[in-house]
Amino acid sequence: MKKKLALPLAVVTAFAAVGCSSNTDTADSPKKDAAQEVKIAFRSEPEVLDQSKATSEESFTMVNAFGEGLYRLDKDNKPQPAMAAALPEISEDGKVYTIKLRDNANWSDGSPVTAEDFVYSWKRTLAPETGSQYAFMINNWVKGAEEYNTKKAPNADGVGVTALDNKTLKIELKAPVAFFTSQLSFPVFFPLKKDVVEKHGDKYAADADKVVANGPYTLSKWDHEQELEFVKNDKYWDAANVKLEKITFQISKDQNSSLNLYETEDADIVEINRDQVVTWKDKPDYIAVPTLFSYGLRFNQKTVPAFKNANIRRALTMAIDRQGLVDTVLGNGSKAATGEIPFGTLDGNNAEFRKTAGDTILKFDPVKAKELLQKGLDELGMKELPKFKMIGDDDEVGKKTMEYIQAQYKQYLGIEPDVQNLPKKLRVQQQNDGQFEMLAPSRWGADYNDPMTFLDLWESDGMFNYISYNSPEYDKLVKGAKVEADPQKRTQMLVDAEKILMNDAAIGPLYFLGRSYLKRPSIDGLVFPATGAQYEFRWASIK
């Protein structure tokens, strides 16, 4: 059997304890007369709900509500059987997983979920014509996946996922992966119902009537840019223990408007900003939640040739006071970045990565930044840095962060880049298409608790390497770590890779996200996951 990867107790507590009320009532015993409904003020519209094409936390939060994989992570971040009847049988060499599906695993239309639904889903995600950016999660570990996805194989026959019968799935890996069972809880590994997907084609999951559910809820309404409504799925295998009858996500980009919804009882959960934290921090509604999100600068070397110069990138990174940003703009529990990989991320060898690696980031030093800018310009034969444009989200935090960065550059480097705030969907599209000059900031949240989820983004051939970073030394370390069986050696490879990334200033980390919420004390059993979705309502109820 493989070794299971578990969060250190302190980290588990930090992510899970906030999910439940301190009262002794549990999600198993809600008041019978309490309306089992929750309304959330949500920051932005999910750009897509097709799990093969989704890339953002907003999308994964919704897919996780109406979908379900073989396993679902509980409040302690441990995988519990979901579509699977039990934990997997794993071969002695750790590379073959055999998983039995539940007999009562059904789609919301009443048809059974089969092993072939998983095979179809994974191969659809991998198909080159799908254009899935999240295919890399399957590519990384599953035998034959990368070859098919990158057209090195003529078809999907060699992909290591097979339906042995209607209820038995076999998965073959390239090498043992300590956290693979947990990773099977991520939406890209969910099943898909072939006839529904093919019926709607490119419009699959574009509206509430174009998707079928196998999770605890069904998507009953989607008024674009306004709200998404979910209702309990009576065909769900464990419907008897799903307490919430309805969940409504109301799109609200402005945090003052969101707070107003909470104060007027038109929302039950809202994320709040620095000024609001001051007012609410001593009230029972307030909770602070750490995350595995890293926010930072992205320098596109393809669209801005000057960004190919490492000293220019170092100057732009070192000219920003990260602690000042956290204290004066955010004030929500976020921490100034000390590298790319956030606090709470494991190192793959039973320790926390940040403690193992230490501080690897280029420290705030405006004098040195000015010197490096001039050095970079000299190396390029330029008298001044060409004007460039920063793009970011058009929500409140995005606007304030970009204003702060722009002011820092003007004060310490004497430059003033243009600023453009875009709706999230458009910003993500321009980012993924590489049609930008600088992102300020962009973010990445852990898809699983391991440094690789942050580091493999920047491989020269990485699906998300939209900044055109290229370092053979970095590539060698990351690719080597994917197959290294010795945990200690693997961890050192990951540490060395992050040091290269930081010294090259390929990206400019700013902060590790902390979130502050207001939540009705009557909401019990809500989990704020460390990876994937922002909210997990599977075990939630109203007391």
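Glu227 stands opposite Gln250 in β10. The model is predicted: local features need pLDDT of at least 70, side-chain atom pairs count only at pLDDT 80 or more, and totals for chains, interfaces and linings use all residues. Residues are numbered from 1 along each chain as its sequence is written, and side-chain values use heavy atoms, with hydrogens and water left out.

Strand β9 (residues 227–232) and strand β10 (residues 246–251) pair antiparallel over five bridges. Strands (E, at least two residues) and helices (H or I, at least four) are DSSP runs numbered from the N terminus, and two strands pair if DSSP finds at least two bridges between them. β9 is also joined to strand β8 (residues 217–223), by six bridges and again antiparallel. Here Tyr217 has Lys232 in β9 as its bridge partner. β8 and β9 form a hairpin with three residues between them, and Glu225 in the turn has a positive phi of about 65 degrees. Five of the six residues of β9 are buried, where buried means under 20% relative accessible area, exposed over 50% and partly exposed in between (1.4 Å probe, protein chains only).

## Strands β5, β6 and β7

Strand β7 (residues 168–172) pairs antiparallel with strand β5 (residues 96–100) over five bridges; Val96 has Glu172 as its partner in β7. Strand β6 (residues 161–165) pairs with β7 over four bridges, also antiparallel. Val161 stands opposite Ile171 in β7, and a hairpin through two residues joins β6 to β7.

## Aromatic pairs and charges over rings

A pair of aromatic rings is described by the distance of the centres and the angle of the planes. Rings of Phe, Tyr and Trp (its six-membered ring) pair if their centres lie within 6.5 Å; planes under 30 degrees apart count as stacked, over 60 as edge-to-face and the rest as tilted. The count by this rule is 35 aromatic pairs. In one of them, the ring centres of Phe249 and Tyr535 are 6.5 Å apart and the planes are at 50 degrees, so the pair is tilted. Phe249 lies in strand β10 and Tyr535 in the loop between β18 (523–524) and β19 (541–542), so this pair ties together parts 286 residues apart in sequence. Phe249 and Tyr535 are both buried. Tyr469 and Tyr474 form an edge-to-face pair, 5.9 Å centre to centre with 70 degrees between the planes. Tyr469 is buried at 3% relative accessibility, and Tyr474 is buried at 0%.

Ring pairs link Phe42, Phe230, Phe249, Tyr517, Phe528, Tyr535 and Phe537 into a cluster. A charge sits over a ring if NZ of Lys or CZ of Arg is within 6 Å of the ring centre and within 35 degrees of the ring normal. Arg43 lies over the face of Phe42, 5.3 Å from the ring centre, and the charged end of Arg520 sits over the ring of Tyr262, 3.7 Å from its centre.

## The whole chain

The protein chain has 18 helices and 19 strands. Its radius of gyration is 23 Å, close to the 24 Å that the globule rule gives for 543 residues, so the chain is as compact as a globular protein of that length. The radius is taken over C-alpha atoms, and the rule is 2.2 Å times the number of residues to the power 0.38. Buried residues make up 62% of the 543 residues.
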